[in-house]
Amino acid sequence: MVLRPGSIEIGVRRTELTEFRYVTGEMILPHRHEGKWIGLMNAPYLQVSISDVALMAASDREVELRMYRRFADPRLRGLVTAVHAEMMAGFPSGRLFLDSVEQAMATALVSGHAVRHRPVQIHRGGLGSARLRRIKELVDANVDADLSLDEMAQSVELSTAHFARMFRKSTGETPHQFVLRQKIARAKAMLRAAEGRVLDVAVACGFKTQQHFAQVFRDVCGTSPTEYRQDCLGSEVICAPESCSEDTRRLVVYDSQPQGHFRALPFTSL
């Protein structure tokens, strides 16, 4: 995906280059089996690789994609932009976020850009209560870890793509959103204790940096971890147990050529 307007000359030989002019957000989709092509790049761009496994999971068979030297797709542009923002931030959200984006990109490519494909199968129903309970137990036991979408799917013996669709149908949120919510719930319980630094809470809940933890916490809770802790501890000082109802407590407490595979987090840039 081109990050800023410019031109790229593309061909199989330097004597047979064709120039294409791009605007921000336009993309190139080379043939997946193309072994070599030459490009003279006068535009910064982000290069993302999607695994054959993800493409096959999105279609249940091998996929042949159309080749484009220039095309626009708002859905894919949004997903690649999310990857770029994650890369620029140092990949704070971990493997599960990138796995989820990869699966979404694979589905978009299969449904919109396959040469031969059938519509992505729509499954009725969702995950049963036993499988949902198993997922919650897995996340609770690994709240400080960097779980992948594959690990979550394997724990309930489903394919990655099928698990992702069924999980969202059952819960109304993606696996990544669910894991973040569980991490924040654990963090809130730890912050209600007077001991321990905010940084220690962030690490114990699987966040790579205190800054990322604070950002996610504020997005979910509307306040910073420090402010949340101060409010909690302040409510305990102001309200004696015998004079403060449970309802009252609740109210108070409350550039560029990055390359790499989605599961190989350290992208590089020109």
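Which residue of β2 is the bridge partner of Glu9? In β2, that partner is Glu19. Before going further, a word on the ground rules: this is a predicted model, in which local features need pLDDT of at least 70 and side-chain atom pairs count only at pLDDT 80 or more, while totals for chains, interfaces and linings use all residues. Residues are numbered from 1 along each chain as its sequence is written, and side-chain values use heavy atoms, with hydrogens and water left out.

Let us stay with the strands for a moment. Strand β1 covers residues 6-11, and strand β2 covers residues 18-22; helices (H or I, at least four residues) and strands (E, at least two) are DSSP runs numbered from the N terminus. The two strands pair in the antiparallel sense over 5 bridges, where pairing requires that DSSP finds at least two bridges between them. Of the 6 residues of β1, 5 are buried, so this strand is largely enclosed by the rest of the structure. Here buried means under 20% relative accessible area, exposed over 50%, and partly exposed in between, with a 1.4 Å probe and protein chains only.

Now turn to the helices. Helix α1 (residues 52-59) and helix α3 (residues 94-113) have axes that come within 8 Å and cross at roughly 60 degrees. These axes are lines fitted to C-alpha atoms over the stretch in contact, with angles running from 0 to 180 degrees between N-to-C directions. The pair is therefore oblique, the class left over once angles under 35 degrees count as roughly parallel, over 145 as roughly antiparallel and 65 to 115 as roughly perpendicular. On the α1 side, the contact (heavy atoms within 4.5 Å) is made by Ala54, Leu55, Ala57, Ala58 and Ser59. From α3 come Glu102, Gln103, Ala106, Thr107, Leu109 and Val110.

Next, look for Val80 in helix α2 (residues 74-88). Val80 counts as buried because its relative accessibility is 5%. Leaving aside residues up to four places away in sequence, Val80 touches Met1, Met27, Leu46, Val48 and Met105. Met27 is 53 residues from Val80 along the chain, and their C-alpha atoms are separated by 9.8 Å.

Finally, visit two loops. Phe91 lies in the loop between α2 and α3, and its phi is near 55 degrees, a positive value in a residue other than glycine. At 7% relative accessibility, Phe91 counts as buried. Glu157, in the loop between α5 (149-155) and α6 (160-171), has a positive phi near 60 degrees. Glu157 is exposed, with a relative accessible area of 67%.
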